[in-house]
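Please open the structure in your viewer and keep the selection tool at hand. The tour below goes from stop to stop, saying at each one what to select and what is to be found there.

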Amino acid sequence: MFVLIKVSLLSIILSQVQCAPKKKSYSEIKQCDIGPLADEIASYDTVVKDIIDYAVSGPFKRKTYNELAKFVDTFGARPSGSQVLEDSIDHMIQLTREEQLKDIVTEELEVPHWIRGTEKVTMLEPRIKEIDVLGLGRSVTTPPEGITAEVVVVKNFEELSNLPNKDVDGKIVVYDPIFTTYGETVVYRSQGASKAAAKGAVASLVRSITPFSINTPHTGSQSYDDNIKKIPAGAISLEDADLLRRFYDRGEKIVLNITMSSTYETKTSRNTIIDLKGTDHPEKLVIVSGHIDSWDVGQGAMDDGGGLFVSWAAPVILKRLNLRPKRTIRSIFWTAEELGLIGAYAYEEKHRNESHNINFIMESDEGTFAPLGLAVAGTQEARCIIAEILKLFKSINASTLVEDDSPGSDINVIIKNGIPGASLHNANERYFWFHHTEGDTMNVEDPDELDLCAAFWTAVAYIIADISIDIPR
C-alpha cells in the first residue's frame with residue numbers, strides 16, 4: 001500500500017512553446033499487489049545502500065558537484081545554436097571517455113539560434129523610470145527608436161478579451177497575473193504576445209512567472225500565432241509590474257518606450273547519447289536524461305546543469321561499481337530544450353521505430369534539490385512497481401510517488417506515445433525563484449543534495465533496468 005499524492009502542478013513543458021495538459025490528480029490511497037516481484041525488488045536493498053554510500057560518503061562524494069562547477073565555470077550560459085554549447089558537448093564527451101565509457105554517439109539536428117540584443121524599457125509617464133526587462137525567446141525587434149505607447153494592464157486573457165479593440169489598439173499590453181503554479185501562469189508568457197496583437201496591441205510585457213523576486217526579470221520561450229502580426233514581447237519584474245498596476249488602478253496614464261533588438265537563425269547542434277550496455281537485453285533501454293543547453297542569462301547551473309550531471313553520473317557510478325544491469329542504461333543530454341524541446345522531438349522521430357524497446361524514461365529538469373521520489377507517468381501497474389522500488393529509499397526520504405501524466409519537458413515528447421517514465425520529484429520550492437534569470441548560478445546548487453540526487457537517480461535506474469520484468473504499458 002502506498003500514498004498517491006494529489007497535485008495541481010502542470011508539466012514544465014509549458015516553459016517552451018505551448019500550453020501543457022493538466023495533470024491527472026489522485027487523493028485516495030490505492031492498493032498495490034505485485035506478488036513475488038515485491039520480494040525481488042526488496043532484495044536490491046544492499047545494492048541501493050552500496051550506491052548511496054559510494055555517492056554520498058565514498059569515493060564519488062562531491063564528484064557530481066565538482067564536475068558541474070567546473071563545467072558551469074568554464075562554459076557559463078549555453079544558448080541553443082551557440083558555439084559555447086557545442087564546446088560544452090565536446091567537454092561532456094571527453095569527460096565520459098575519461099571514465100572508460102566508450103559507447104558514446106551524437107546525433108546532429110538543426111536548432112534555433114536566437115541572440116538577444118539591446119533591451120530597454122523606460123517609463124515616460126506618469127514619471128521617468130527605467131524598467132528592467134528581458135526579451136522572451138524568439139521575440140521580434142522594435143524599430144531603432146523603439147515603440148512609445150500607452151499601457152493597458154490586464155490580469156488575464158478574459159479581461160483582455162472583454163476590452164473593446166479600440167481600447168487596446170496601438171497600446172502596450174502588460175499582463176500581471178499572480179503566480180499560482182507555473183503551468184497555470186506561464187500561458188501569459190507563452191501566448192500573451194499573439195493574444196495582445198490580435199486586439200491591435202503594438203507590444204506586450206508580462207509580470208515574470210515566479211512567486212518571488214528581488215527586482216529580477218525571468219525570461220522564457222514564447223510562440224507566435226502565424227496568422228497574427230508578431231509584436232515584441234518581454235518580461236519585467238514583479239516589482240515593476242505591480243508598480244504599473246497601482247498607477248493603472250488609480251487611473252493614471254502610463255506611457256512606456258520599449259526598445260528591443262535580436263537576431264534569429266538556424267544552426268547545427270547535437271543530442272548526446274551514452275550507453276552502459278545491458279548484459280541480457282542490451283536492446284532494451286532505461287533512459288536517464290537532462291538538457292545541456294540553457295538560456296543566455298544566468299549560468300544554467302540549476303536549469304539544467306544539475307539534471308545533466310546526475311544523468312551523466314548514473315552510468316559512471318555503475319561502471320565504477322561494476323554493476324551491469326540486464327537492460328541498457330542510456331543517458332541522453334538533450335540539446336535545444338529551452339527554445340522548444342527541439343532535441344527531444346528530433347530524437348523521437350529518429351528512434352520512433354525503436355520505441356518499443358524503451359522500458360522506462362527519466363528526466364531531471366525541475367531542480368536537483370533534496371530528492372523526494374519520482375513523479376510517474378504510466379499505467380497503474382507500472383506505478384505500483386515504481387512505488388515498490390521507491391520503498392528502498394526511505395532512508396534518504398525519497399520514497400514518494402506523485403502520479404503525473406506529463407512529468408517532464410523533453411520526455412513528454414516520448415511519454416505521450418504511451419511509454420512509462422518519470423521526473424525527479426525534489427524539494428524544489430525555490431526553483432522558480434531562480435528559473436530563467438541571472439540568479440541561476442552555482443550558488444543555487446548544494447553539494448550534499450546533488451550527491452543524494454545522483455545516488456537516487458543511479459540506483460532507481462539500475463533497479464528498473466535489472467528486475468526480471470519490463471515495466472508494463
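Begin by selecting K195 and F157: K195 lies over the face of the F157 ring, at 5.1 Å from the ring centre, where a charge is said to sit over a ring if NZ of Lys or CZ of Arg is within 6 Å of the ring centre and within 35 degrees of the ring normal. Before going further, note that this is a predicted model, in which local features need pLDDT of at least 70 and side-chain atom pairs count only at pLDDT 80 or more, while totals for chains, interfaces and linings use all residues. Residues are numbered from 1 along each chain as its sequence is written, and side-chain values use heavy atoms, with hydrogens and water left out.

**Aromatic pairs**

Rings of Phe, Tyr and Trp (its six-membered ring) pair if their centres lie within 6.5 Å, and planes under 30 degrees apart count as stacked, over 60 as edge-to-face and the rest as tilted. By this rule there are 16 aromatic pairs. Select Y44 and Y462, whose ring centres are 6.3 Å apart and whose planes stand at 75°, so the pair is edge-to-face. This pair links distant parts of the chain, 418 residues apart, with Y44 in the loop between α1 (37-42) and α2 (45-56) and Y462 in helix α16 (residues 447-466); helices here (H or I, at least four residues) and strands (E, at least two) are DSSP runs, numbered from the N terminus. Both Y44 and Y462 are buried, a word that means under 20% relative accessible area, with exposed meaning over 50% and partly exposed lying in between (1.4 Å probe, protein chains only).

Next select W433 and F434, which form a tilted aromatic pair, 6.4 Å centre to centre and with 45° between the planes. Here W433 is partly exposed, with a relative accessible area of 31%, whereas F434 counts as buried at 19% relative accessibility. For a cluster of rings, select Y54, F60, F71, F75, F309 and W312, which are linked by ring pairs.

**Two helix pairs**

Two packed helices are described by the angle between their axes and the distance between the axes. Axes are lines fitted to C-alpha atoms, for helices over the stretch in contact, and angles run from 0 to 180 degrees between N-to-C directions.

Select helix α3 (residues 63-75) together with helix α4 (residues 83-97), which pack at an angle of about 150°, with their axes 10 Å apart. That makes α3 roughly antiparallel to α4, since angles under 35 degrees count as roughly parallel, over 145 as roughly antiparallel, 65 to 115 as roughly perpendicular and the rest as oblique. To see where they meet, show E67, F71 and F75 in α3 with V84, D87, S88, H91, M92 and L95 in α4, contact being heavy atoms within 4.5 Å.

Now move to α11 and α16, which pack at an angle of about 55°, with their axes 8 Å apart. That makes α11 oblique to α16. Among the residues of α11 that meet α16 are G306, V310 and A314, and among those on the α16 side are L450, W457 and Y462.

**Backbone stops**

Most residues other than glycine have a negative phi, and most peptide bonds are trans. Another joins D303 and D304, with omega about 5°, and D304 is in helix α11 (residues 301-320).

For positive phi, select R62, which is not a glycine and yet has a phi of about 65°; R62 is found in the loop between α2 and α3 and is partly exposed, with a relative accessible area of 35%. Then select H436, with a positive phi near 60°, in the loop between α15 (431-434) and α16; H436 counts as buried, at 4% relative accessibility.

**Last stops**

Select P420, in the loop between α14 (412-415) and β16 (421-426), which counts as buried at 1% relative accessibility. Leaving aside neighbours within four places in sequence, P420 is in contact with residues including N359, F360, A377 and R473. P420 and R473 are 53 residues apart in sequence and 6.6 Å apart in space, C-alpha to C-alpha.

Finally, select helix α13 (residues 380-390): nine of its eleven residues are buried, so α13 is largely enclosed by the rest of the structure. The buried residues include R383, C384 and E388.
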